[in-house]
Amino acid sequence: MTRAQALRRLFGISWQRYRGWVVAFGVLAVADVLAAGAFALTLRTLIQSALHEQVREALFATAGAAVSYAVTVVGASARLNVINLLDEAIGAELDERILGLIVGLDDIEHLERPEYADRIAMVRGSGDVIARCGWVLLDSVTMLLRLLVVLTVLALTAPVLLFLALLLVPALWLPRRGQHVVRDATVASAQDIRQAEHLQTLLTEATPNMEVRIAGARPRLVERGRRTWDRIIRRQARAQWTAAGLGITGWAVFSLGYTLALLLIVHDVASGRVQPGDVLLLVTLTGTLRAQAEGVVRSLQHTTEGMSALDAFLWLEDRAAHRRPGDTEAGVPERLTDGITLKGVSFRYPGTDTWVLKDMDLHLPAGSTVAVVGEHGAGKTSIVKLLAKFYEPTEGAVLVDGVRLSDIPAARWWSRTTANFQDFARFEFPVRESVGVGDLSAAGEPDRLTRALADGDAEEIVAGLPQGLDTQLGRTFDGVELSTGQWQRVALSRAHMRTAPLLCVIDEPTASLDPRSEYVVYRRQMALAKSLAERCGTVTVVVSHRFSTVRMADLIVVVDGGAVAETGSHDRLMARGGMYADLFRMQAAAFRNG
């Protein structure tokens, strides 16, 4: 989609939703254009009538000039009010569209790559800016039409002064070039702005601020924030000075021509070639010409921020519309019979040259519980991201009962997937919503909520809350704050809202729990995995650093350097005496010594 297409859609939505406001804008614009020429002509008639003592004509001319001036002044203010109403109304719809596009993308690359994150930061919450950009641009067209009217009247009165129109070219073009420089600086500052906002979060939010205080890092972070803002300000200042210099140059050329035009008018008056009324008309027109040109430049300047946001919006639309050539809209099986297979899978994150996974062949049998273990950086998280269809393999394929996962639409696969991640989300809603969001189709079913809370070992937590399931969670909204372990159990409960997943991912589900709770949770997870396996052939993938718990899995996969080092049951791997056995013994020894 191009800018022009996006703006046409914006105007189309405005016409469909708010036709009365659009009609009002059009009427005001037409009246403003007509009033621009009428004001100068009525002033000329007024002077001529007064000189010839034509009282009646002078009164009519006075009334015409007053009405024309009122339309110009009041019309400009009224158009601005209409624009404000339209950009707020349409902006809300655009913001909803933008959020839908962001969360609707089939991968999370746009959230993890800095250059994508910059564009997301630029477009998020910018619906009103984009909407205003479109209508201000249309208002600029109105001003250009007024400019043409003034030039037409000027041509009929004193054609020689039309050279001022040529001088408007640098007066309009150079400031516009300056605004491009400002916009480029804004885009270039996006990452610095995100870093400054991150530093502000570290310094002002409770959780990170505890570490900041203990570490005594506040002065360093404040200084780093100051340097970041200095960098942003310097970049913006250079751009603003450049824009100002270009603007001054353009208007200096026009001002020189304007001065020459006034001298020509004075010369014509002295030689008797023009009447006093014509003098007033020409002075008014040349002054109006300058004012109209300045108005066009100001309007175009106001579109700069909007165009940056519009470009980010178009990028987002393009990302959402992009479909991979291999996407054949395959269906999702009702239950797994064979399982999930990684066939010759290699993967590197977009924009990098480092292989995270290389030539990986791995079969996860239907109905199995698979534990993925390995040292930090081995590639465990990347395997999970591929299985969950957050990314596509760079090479090779992930197969679901023989069907390429890349051919299954992401929304369909996610509807049959459930997960609990180590970096779990804290939905600061009432408990029933914080858990129910795990399966919105069943969020209003009390029995489903009760079962999910039991599966997540969170029943005691809810029982101890002042309003039970209706208790607001989170300090941000004046709710009850939970401990990290309690939040994790709520997240586990949320993951168990779905009753028929084909893939269940449990990523470090007990990282915030004590050993006793960890054992209880894992026992329950294994029992649930067995139940899901019988009903749906579900593959449960458990990622953990704690080897004492993964021994309960049917299949243990040891990952090292982006490849599968070993596979087998706990007993088989221990008997083999390889990498798994070494890591298990080291962890067991550390636990005993601790």
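These legends go with several close-up views of a predicted model. Local features are given where pLDDT is at least 70 and side-chain atom pairs at pLDDT 80 or more, while totals for chains, interfaces and linings use all residues. Numbering runs from 1 along each chain as its sequence is written, and side-chain values rest on heavy atoms, with hydrogens and water left out.

**View 1. The largest pocket and the elements that line it.**
The largest pocket has a volume of about 1,200 Å³. Of its 36 lining residues, Phe390, Ala419, Asn420, Phe421 and Asp423 are the closest to the centre. Here a pocket is an open set of points on a 1 Å grid over the protein atoms alone, with protein on both sides within 12 Å along at least five of seven lines; a lining residue has an atom within 4 Å of a point. Grid points are joined across faces, edges and corners, and the volume is the space filled by probe spheres set on them. At least two lining residues each come from α12 (380-387), β6 (417-420) and α17 (484-495), and α12 gives the largest share, with five. Helices (H or I, at least four residues) and strands (E, at least two) are DSSP runs, numbered from the N terminus.

Seven of the eight residues of α12 are buried, so the helix is mostly covered. Buried means under 20% relative accessible area, exposed means over 50%, and partly exposed is in between (1.4 Å probe, protein chains only). The buried set is Lys380, Ser382, Ile383, Val384, Lys385, Leu386 and Leu387. Following α12 is Lys389, with a positive phi near 65°. Lys389 pairs up with Glu392 in a salt bridge, the closest N and O atoms being 2.7 Å apart. A salt bridge is a side-chain nitrogen of Lys or Arg within 4 Å of a carboxyl oxygen of Asp or Glu. Both partners, Lys389 and Glu392, are buried.

**View 2. Arg489 and Asp457, a buried pair.**
The side chains of Arg489 and Asp457 form a salt bridge at 3.0 Å, N to O. This one links distant parts of the chain: Arg489 sits in helix α17 and Asp457 in the loop between α15 and α16, 32 residues apart. Both residues are buried. Asp457 has another feature to look at: a positive phi of about 55°, although it is not a glycine. Its loop runs between α15 (446-455) and α16 (459-463).

Another salt bridge joins the side chains of Arg432 and Asp470 (2.9 Å, N to O). Arg432 belongs to helix α14 (residues 431-436) and Asp470 to the loop between α16 and α17, so the pair ties together parts that are 38 residues apart in sequence. Arg432 is partly exposed, with a relative accessible area of 30%. Asp470 counts as partly exposed too, at 45% relative accessibility. The structure holds 17 salt bridges.

Rolling a probe the size of a water molecule over the atoms shows where empty space is left. Searching the whole structure turns up four cavities of 30 Å³ or more; a cavity is a set of grid points where a 1.4 Å probe fits but cannot get out. The largest cavity has a volume of about 80 Å³. Around it are Ala6, Leu7, Arg9, Leu10, Ile13, Leu94, Ile130, Leu310 and Phe313. Both α1 (3-17) and α11 (276-321) supply at least two of the lining residues, and α1 has the largest share, with five. Arg9, one of the lining residues, is also linked with Arg97 and Glu317 in a network of salt bridges.

**View 3. Asp401 in its loop.**
Asp401 has a phi near 50°, a positive value in a residue other than glycine. Its place is the loop between β4 (395-400) and β5 (403-404). With 22% relative accessibility, Asp401 counts as partly exposed.

**View 4. Helix α8 from end to end.**
Helix α8 (residues 190-204) has 15 residues and reaches 21 Å from its first C-alpha to its last, close to the 21 Å expected at 1.5 Å a residue. That expected span is 1.5 Å times one less than the number of residues. Its buried residues are Ala190, Asp192, Ala196 and Leu199.
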